[in-house]
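Work through the exercises below with the sequence and the 3D view at hand. Each task is followed by a solution in steps.

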Amino acid sequence: MTASKKDRALANDPRKDRIMNLARSFNNWRKYRQTCNELGRMSDRELNDLGIGRSDIPYVARQAVK
């Protein structure tokens, strides 16, 4: 099998799609957790300056991932 045929075979491999989805999901989770942690360390006053309430942190973090 030549390199180009092998590349095409890997491009159509459903396992690659599953791995890519898993990697994307993991990265999105990391971004969500990082945003939650960073906002959670802020004081109520700092959050208020940004127009965010403490109870809004999970929503804002989800929006940051999209």
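This is a predicted model: local features need pLDDT of at least 70, side-chain atom pairs count only at pLDDT 80 or more; totals for chains, interfaces and linings use all residues.

Residues are numbered from 1 along each chain as its sequence is written, and side-chain values use heavy atoms, with hydrogens and water left out.

**Exercise 1.** Compare the span of α2 with the expected one.

Solution. Helices are DSSP runs of H or I with at least four residues, numbered from the N terminus. The helix α2 has 27 residues. From first to last C-alpha it reaches 39 Å, close to the 39 Å expected at 1.5 Å a residue (1.5 Å times one less than the number of residues).

**Exercise 2.** Find the buried residues of α2 and what covers them.

Solution. Buried means under 20% relative accessible area (1.4 Å probe, protein chains only). In α2, T35, C36 and L39 are buried. Their cover includes α3 (44–49) and α4.

**Exercise 3.** Which residues does I52 contact, beyond neighbours within four places in sequence?

Solution. Contact means heavy atoms within 4.5 Å. On that basis, I52 touches L39, L47 and V60.

**Exercise 4.** Is D13 buried or exposed?

Solution. First, locate D13: it sits in the loop between α1 (3–11) and α2. Next, its relative accessible area is 13%, so D13 is buried.

How values were computed:
Helices (H or I, at least four residues) and strands (E, at least two) are DSSP runs, numbered from the N terminus. Buried means under 20% relative accessible area, exposed over 50%, partly exposed in between (1.4 Å probe, protein chains only).
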